[in-house]
Amino acid sequence: MRDSSFFSAVTLLHIFPGKERKPMSETTPIIEMQNIKKNFGGVQALQGVDLVLHHNEVLGLVGDNAAGKSTLMKILSGAYIPDEGEIFIEGKKAHIANPWNARQQGIEMVYQDLALADNLDVAANVFMGREAASVKLGPISIMDEHYMGQETQRLLNRLKIDISSVRLKVESLSGGQRQAVAIARATAFNNKVTIMDEPTAALSVAAIDKVLDLVRELKAQGSSIIIISHRLEDIYKVSDRMMVLRHGRKVCDTPVAGNIDDFRERVVAYIVGARDDFAEGVGKQQ
């Protein structure tokens, strides 16, 4: 059985995207989650939530604390297993048992803590867990640092990420650059869906703009993205559609439209419970 941390340079040439993936159908959602339920003891974190993500779409996922946003995305990314419900990837039923399993099926999640190794350089972080080896002698592998550096630079160029050298250690980067590296790593190996958990939290205004530009660039290149954020302005600027969760239920699922003030007022109404588009389904969901 091949070591999961070992990828030959030839294999990686096929994994790194040289051109956009062509979707099997423009009408078949890339992700569909149906009737997802999750309990933690006596707490109902998710009460029968449905989610649809289309090809080349940015979906904003919003809600107050403990609304179920992160729980739903951790189920999609394999960190949690749902108590009930089904997940379909490009129309086919999928079984996601753990994060590695989700990654194999093209789903990557960028967590708030980024999970970067500060003492390693940018290229090493991008290839972490999927290192390329130039020579393998029994149990000993020699990493192909030159190849990994070249491919990382090509990735940064493709995503228009401004970092002077892939040999810079992550600890020396700004907050926005670190977020960009985490996003680049998630999209490096031809994934289908990228989930971003609060990608602009604790960043400067300039860094926020750069991260949002990166989201736009990913969409322009055909990516499908889910963004969890409390910053409604960011959701408004980059999302095609928004979904609002409240107390573990979906209360809104609608295109992003109108001016920013109307948008903010409408979202807050759903978050606090003044509006609920799916109220009639409460009994069925529970």
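**Phe189.** I looked up Phe189 in this predicted model and count the residue as buried, because its relative accessibility is 10%, under the 20% that I take as the limit for buried. I then placed Phe189 in the loop that lies between helix 6 (175-187) and strand 10 (193-197). I also checked its distance to Gln104: the two residues are 85 apart along the chain, and their C-alpha atoms are separated by 9.9 Å.

**Ile140.** Together with Val135, Leu137 and Ile142, Ile140 makes a nonpolar surface patch of about 370 Å². I noted that strand 8 (132-137) and strand 9 (140-143) are the elements that give two or more residues to this patch.

I followed an open sheet whose four strands run in the order 3-2-5-6 with antiparallel pairing. Strand 3 (43-53) and strand 6 (92-94) are the edges, each of them pairing on one side only, and from one strand to the next I find a twist that averages 30°. For the pair formed by strand 2 (residues 31-40) and strand 3, I recorded eight bridges in the antiparallel sense, and I looked up Ile36, whose bridge partner in strand 3 is Val49. Helix 2 (residues 69-76) packs on the sheet, where I see the helix touching strand 2, strand 3 and strand 5 (84-89), and its direction makes about 115° with that of strand 2.

Methods:
Residues are numbered from 1 along each chain as its sequence is written. This is a predicted model: local features need pLDDT of at least 70, side-chain atom pairs count only at pLDDT 80 or more; totals for chains, interfaces and linings use all residues. Side-chain values use heavy atoms; hydrogens and water are left out. Two strands pair if DSSP finds at least two bridges between them. Axes are lines fitted to C-alpha atoms, for helices over the stretch in contact, and angles run from 0 to 180 degrees between N-to-C directions. Contact means heavy atoms within 4.5 Å. Buried means under 20% relative accessible area, exposed over 50%, partly exposed in between (1.4 Å probe, protein chains only). Patches are made of residues with over 30% relative accessible area and no salt bridge: like charges are joined within 9 Å, nonpolar side chains (Val, Leu, Ile, Met, Phe, Trp, Tyr) within 5 Å. Accessible areas come from the Shrake-Rupley method with a 1.4 Å probe; for residues, only the protein chains shown count as cover. A salt bridge is a side-chain nitrogen of Lys or Arg within 4 Å of a carboxyl oxygen of Asp or Glu.
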